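The following paragraphs lead through one protein structure, taking up charged pairs, helix packing and backbone geometry in turn. The sequence and the model are shown first.

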Amino acid sequence: MNKCFRFFFCCIIVLGFESCSSESATSPDDPKFDVPKLGITLNINNTFQIIDHFGASGGFQDQWVGKWPEAKKNRVAELLFSSETDAQGNPKGIGLSLWRTIIGEGSADQVNSGFKASNWFREMECYLAPDGSYDWTKQPGEQWFMSKAKEYGVNKFTMWTGSPPYFMTKNGYVFSTSEVSGFNCKPDKYDDFANFLAEVVKNYENKGYNITSVCPFNETQYEWNAEVGNAQQSGTKVTNTELATVTRIIDNVFAQKSVNAKIMIPEAAQLKYLFEGNNNTTNQVNDFFNTNSINYIGNLTNLSKNIAGHSYFSNGSTKESLRQRKSLRTTLENYGLNYWQTEYSLLGTSYQQGLDVSTFNEIDYALWLARIIHTDLVFGNATGWSFWTALNQSTFGDHPFRFNLILYRPNSNNPSHIDGTFEDNKLLWALGNFSRFVKPDMVRFEVVDQDYNDESSVENFMISGYKNNDTKEIVIVCVNNTEGDREISFENYKQDFEVIGDSFDVYTTSNTTNLRKSKLSHDAISISKKSIVTLKAKLK
């Protein structure tokens with residue numbers, strides 16, 4: 001075609017197009033001009049971490065609800081631990097696979113705990129008395145929830161403490177005061193603290209509980225300083241050197257007493273403290289597991305290979321959220337360690353995403369929680385994930401939707417109450433989209449969504465996949481944070497995988513539903529706007 005003819009031909013096409021457009025007046029927003037979305041690819045054989053558990057912490061709160069009337073506390077336990085369904089196939093509970101409980105430090109046993117009066121619900125009993133005797137009837141509420149978890153089939157438990165017992169501390173309290181520097185424990189009581197932990201854990205092991213790990217040090221980066229009479233909860237700063245010193249003692253005592261549980265350190269207040277920082281409480285993975293470090297303890301016999309961190313304040317921006325998890329993942333892989341996210345709730349303001357919370361629906365909080373779980377699993381390679389706390393009181397603003405899976409209200413605002421009311425939170429069911437279906441020993445596999453890159457997926461539409469190699473069950477969790485429904489098509493269906501019956505069981509959490517069950521064909525899946533959806537099927 002010569003240049004003149006080509007120019008003439010192009011002009012005719014352009015003029016013709018313009019003429020047709022003006023005559024038909026078709027809007028550019030007409031659906032027929034939509035660019036079709038690319039499909040999703042399930043690379044089932046490209047696998048990553050093996051899931052250990054999804055859990056929650058009883059925190060300081062289960063000690064109270066665990067003493068309520070049987071009918072009420074049994075329903076609470078069912079919501080947390082049950083894997084049963086109703087007549088329509090809807091889950092009755094979220095089927096947690098781990099329960100995290102606290103080892104009390106005795107603040108509730110003191111005449112003057114130093115706690116603020118309104119924080120009575122965080123005071124804890126202690127199994128050990130100052131005279132060295134043990135009373136295993138203490139902490140009855142916690143013990144009740146542990147027994148119910150076990151009854152429902154939960155076979156993994158982890159324990160932690162915020163402070164040594166008050167009679168071992170430097171200041172006689174379970175929080176730090178201005179004169180206390182570093183670990184609030186008298187150096188000549190390190191052995192006593194180690195023996196106390198061993199005795200408590202061994203008592204539970206003797207009762208048939210599988211205590212997988214115990215964490216003696218919680219959020220050691222914070223000062224935990226308070227004036228006596230104004231403390232809000234137990235806690236102590238611990239330098240890395242102190243932590244290493246005491247952990248060596250605990251390891252020796254655990255060996256002597258044949259404790260099966262592993263010592264899990266550290267339990268960092270924020271993820272970044274695990275892999276960066278240059279003060280004496282940070283960069284903890286390198287400090288404890290690098291053989292060239294003076295604080296190296298990676299060779300201890302009873303040390304866990306699971307590293308615990310808290311996802312609070314790690315999500316100021318999507319870019320930073322992913323950076324921290326990717327950096328942590330690389331650091332842990334260098335040492336052959338696993339990541340457990342052991343505490344998260346909607347602290348801070350990142351969940352607001354710059355929006356007016358007065359416009360939020362309850363599902364908006366749940367979508368944020370699902371977003372954090374997804375980023376920890378997919379970008380951080382977390383093998384365990386737990387919420388803080390399963391039970392909590394909330395008294396103003398949007399708190400009822402941020403800090404609890406189940407909101408409880410005591411019938412009197414003091415430790416002598418014996419009853420109250422409770423209600424489930426949408427966060428419960430959002431966690432359930434993972435915990436109820438992604439079970440221990442499942443392995444995460446690669447899911448490719450070509451419509452989004454890493455950052456845009458987290459802000460819009462997230463999808464992750466898991467499989468059980470023995471049962472051939474696959475689970476796909478979708479989080480649609482957009483204002484539009486998302487049609488799902490699997491690009492490699494029938495080429496690389498097929499599911500029995502060519503259909504999925506579907507469980508939807510939205511503003512109006514809680515894990516509501518339905519069934520959809522593999523080629524007719526639509527993920528509703530502002531929803532969390534789990535797809536479950538068995539491979540052919």
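**Salt bridges, helix contacts and backbone geometry**

Arginine 486 and aspartate 451 form a salt bridge in which the closest N and O atoms are 3.0 Å apart. This pair links distant parts of the chain, 35 residues apart: arginine 486 belongs to strand S17 (residues 486-488), while aspartate 451 lies in the loop between strand S14 (443-449) and helix H12 (454-459). The two partners can also be described by their accessibility. Arginine 486 has a relative accessible area of 4% and is therefore buried, whereas aspartate 451, at 27%, is partly exposed. The model in which this pair is found is a predicted one.

In general, side chains of opposite charge can pair when their charged atoms come close. The structure holds 27 salt bridges. Among them is the one between aspartate 109 and lysine 138, whose closest N and O atoms are 3.5 Å apart. Aspartate 109 has a relative accessibility of 31% and so counts as partly exposed.

A further salt bridge joins glutamate 498 to lysine 494, with the closest N and O atoms 3.3 Å apart. Glutamate 498 counts as partly exposed because its relative accessibility is 25%; lysine 494, at 52%, counts as exposed.

The next topic is helix packing. Two packed helices are described by the angle between their axes and the distance between the axes. Helix H5 (residues 190-206) packs against helix H6 (residues 240-256) at an angle of about 50 degrees, and their axes are 9 Å apart. H5 is therefore oblique to H6. The crossing of H5 past H6 is right-handed. On the H5 side, the residues that meet H6 are Tyr190, Asp191, Phe193, Ala194, Asn195, Leu197 and Ala198; their counterparts in H6 are Thr245, Val246, Ile249, Ile250, Val253 and Phe254. The residues of this contact divide into 10 nonpolar, two polar and one charged.

Helix H3 (residues 70-81) and H4 form another such pair, their axes coming within 10 Å and crossing at roughly 55 degrees. This angle makes H3 oblique to H4. H3 passes H4 in a right-handed crossing. From H3, the contact involves Glu70, Lys73, Asn74, Val76, Ala77, Leu80 and Phe81, which meet Trp144, Phe145, Lys148 and Ala149 in H4. By class, the contact of H3 with H4 has seven nonpolar residues, one polar and three charged.

Where does threonine 161 lie? Its place is in the loop between strand S4 (157-160) and H5. Threonine 161 has 0% relative accessibility and so counts as buried. Leaving aside neighbours within four places in sequence, the residues in contact with threonine 161 are Ile102, Ile103, Phe193, Leu197, Cys215, Pro216, Phe217 and Asn218. The C-alpha atoms of threonine 161 and isoleucine 102 are separated by 5.6 Å, although these residues are 59 residues apart along the chain. Phe193 and Leu197, both in contact with threonine 161, are also among the H5 residues that meet H6.

The backbone is considered last. Most residues other than glycine have a negative phi, and most peptide bonds are trans. Isoleucine 265 and proline 266 are joined by a cis peptide bond, with omega about -15 degrees. Proline 266 lies in the loop between strand S6 (262-263) and strand S7 (267-268). The peptide bond from tryptophan 388 to threonine 389 is likewise cis, its omega being near -15 degrees. Threonine 389 is placed in the loop between strand S10 (384-387) and strand S11 (391-392).

Phenylalanine 313 is not a glycine, yet has a positive phi of about 55 degrees. This residue is found in the loop between strand S8 (306-310) and helix H9 (318-335). With 45% relative accessibility, phenylalanine 313 counts as partly exposed. Glutamine 353, also not a glycine, has a positive phi of about 50 degrees, and is found in the loop between strand S9 (338-343) and helix H10 (362-378). At 38% relative accessibility, glutamine 353 counts as partly exposed.

How values were computed: Residues are numbered from 1 along each chain as its sequence is written. This is a predicted model: local features need pLDDT of at least 70, side-chain atom pairs count only at pLDDT 80 or more; totals for chains, interfaces and linings use all residues. Side-chain values use heavy atoms; hydrogens and water are left out. A salt bridge is a side-chain nitrogen of Lys or Arg within 4 Å of a carboxyl oxygen of Asp or Glu. Buried means under 20% relative accessible area, exposed over 50%, partly exposed in between (1.4 Å probe, protein chains only). Helices (H or I, at least four residues) and strands (E, at least two) are DSSP runs, numbered from the N terminus. Axes are lines fitted to C-alpha atoms, for helices over the stretch in contact, and angles run from 0 to 180 degrees between N-to-C directions. Angles under 35 degrees count as roughly parallel, over 145 as roughly antiparallel, 65 to 115 as roughly perpendicular and the rest as oblique. A crossing is left-handed if the near helix is turned anticlockwise from the far one by less than a right angle, and right-handed if clockwise. Contact means heavy atoms within 4.5 Å. Ala, Val, Leu, Ile, Met, Phe, Trp, Tyr, Cys and Pro count as nonpolar, Asp, Glu, Lys and Arg as charged, and the others, Gly among them, as polar.
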